[in-house]
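Here is a report on one protein chain. Please read it alongside the sequence and the 3D view.

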Amino acid sequence: MSSRIDYVAETGSTNADLLARLAANELVPEGFWLVTDRQGAGRGRQGRNWIDAPGNFMGSTVVRLQDRDPRPATLSFVAALAVYETVLPFLANPASLMLKWPNDVLLEGAKFCGLLLEAERGHVVIGIGVNLAAAPTVTDRKVRSLSDSGPAPARDAFAEALAAQFAVELQRWREYGAEPITNRWKAAAHRPGTPLQVHDAGGTQLSGKYDGLTEDGALRLRLPDGTTHIVHAGDVMLEES
């Protein structure tokens, strides 16, 4: 699958743009990426704003779901691995890069990438934001940019590398299923037993230890009483040791 990247100077949200095209029955082929220099209404998970900065990557792509595809929710692992593999060559210390459920990529323990998956008419739109050149000021969490760890790639070169790597990961997902993808994700994530704090979709706050993933990619949280709580959606923070 070849990739095509359209660059625009400014838009509200690349995800919203592609969702609108799909809602209007416009053909948006798989492998198409929309990348912008500036994004005035970027969105993250749980309705948060995604704050942009010049030189950072902000873009979205589309996956057209097929009958034999794995569960669409596991595309979050496909996207996270694509970012992970694209960023690794730019780091002097590969161990500084880590994945965190449900779809975070952390650099030196700090957030520097955001992923947002949204469904529309048999498609999944995947939005990706990566702090290449600068990290915004965020009050409730640590943030970082790739430039904090060494020379950052130019945005367009990064876009081309990410699009190519995403195509590779998507093909693997389709050909071999979700299990090899989630196994690779787990190998790059925090270790089993890592203390986590979880705010689940129902507003409940839980503390426990990471105990792997279920077959469908949900988080297994081992509680202090020894029971296991399955988290299908929510925010996860690594607890300070």
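## Helix H3 and its end

Gly177 follows H3 and has a positive phi, near 90°. Helices (H or I, at least four residues) and strands (E, at least two) are DSSP runs, numbered from the N terminus. The model is predicted, so local features need pLDDT of at least 70 and side-chain atom pairs count only at pLDDT 80 or more, while totals for chains, interfaces and linings use all residues. Residues are numbered from 1 along each chain as its sequence is written, and side-chain values use heavy atoms, with hydrogens and water left out.

H3 covers residues 155-176, which makes 22 residues. Its first and last C-alpha atoms are 31 Å apart, close to the 32 Å expected at 1.5 Å a residue. That expected span is 1.5 Å times one less than the number of residues.

Which residues of H3 are buried? They are Arg155, Phe158, Ala159, Leu162, Ala163, Gln165, Phe166, Ala167, Glu169, Leu170 and Trp173. Buried means under 20% relative accessible area, exposed over 50%, and partly exposed in between (1.4 Å probe, protein chains only). An α-helix has 3.6 residues a turn, so residues three or four places apart point the same way. The cover over the buried residues of H3 includes strands E1 (4-11), E2 (32-39), E3 (57-64) and E7 (123-130), along with helices H2 and H4 (178-188). Contact here means heavy atoms within 4.5 Å.

## Helix H2

H2 spans residues 75-87. Its 13 residues should span 18 Å at 1.5 Å a residue, and its end C-alpha atoms are 18 Å apart, which agrees.

H2 is mostly covered, with 12 of its 13 residues buried. Among them are Leu75, Phe77, Val78, Leu81, Val83 and Tyr84. Ser76 and Thr86 are buried in H2 too.

## Nonpolar cores

A nonpolar core is a set of buried Ala, Val, Leu, Ile, Met, Phe, Trp, Tyr and Cys residues joined through side-chain atoms within 4.5 Å. The largest one has 52 residues. Phe57 and Ile128 have the most contacts inside it. H2 gives the largest share of this core, 10 residues. A second, separate core has 8 residues, including Leu18, Leu19, Phe32 and Leu34.

What does Ile128 touch, not counting residues up to four places away in sequence? The list is Trp33, Phe57, Met58, Gly59, Val83, Cys113, Gly114, Leu115 and Leu162.

## The second largest pocket

On a 1 Å grid over the protein atoms alone, a pocket is an open set of points where a 1.4 Å probe fits, with protein on both sides within 12 Å along at least five of seven lines; lining residues have an atom within 4 Å of a point. Grid points are joined across faces, edges and corners, and a volume is the space filled by probe spheres set on the points. The second largest pocket holds about 430 Å³ of space. Of its 22 lining residues, Ala73, Ser76, Pro102, Leu117 and His232 are the closest to its centre.

H2 and strand E6 (110-120) each supply at least two lining residues. E6 provides the largest share, 5 residues. The lining divides into 12 nonpolar, 6 polar and 4 charged residues. Ala, Val, Leu, Ile, Met, Phe, Trp, Tyr, Cys and Pro count as nonpolar, Asp, Glu, Lys and Arg as charged, and the others, Gly among them, as polar.

## Backbone details in loops

Pro102 sits in the loop between strands E4 (97-100) and E5 (104-107). The peptide bond from Trp101 to Pro102 is cis, with omega near 5°.

Two residues other than glycine have a positive phi. Asn25 has phi near 65°, and Arg121 has phi near 50°. Asn25 lies in the loop between helix H1 (14-23) and E2. It counts as exposed because its relative accessibility is 60%. Arg121 is in the loop between E6 and E7.

Pro195 belongs to strand E8 (residues 195-200). Its relative accessibility is 33%, so Pro195 counts as partly exposed. Pro195 touches Gly208, Lys209, Met237, Leu238 and Glu239, not counting residues up to four places away in sequence.

Met237 lies in strand E12 (residues 234-238). At 30% relative accessibility, Met237 is partly exposed. Leaving aside neighbours within four places in sequence, Met237 contacts Asp140, Arg141, Pro195, Leu196 and Gln197.
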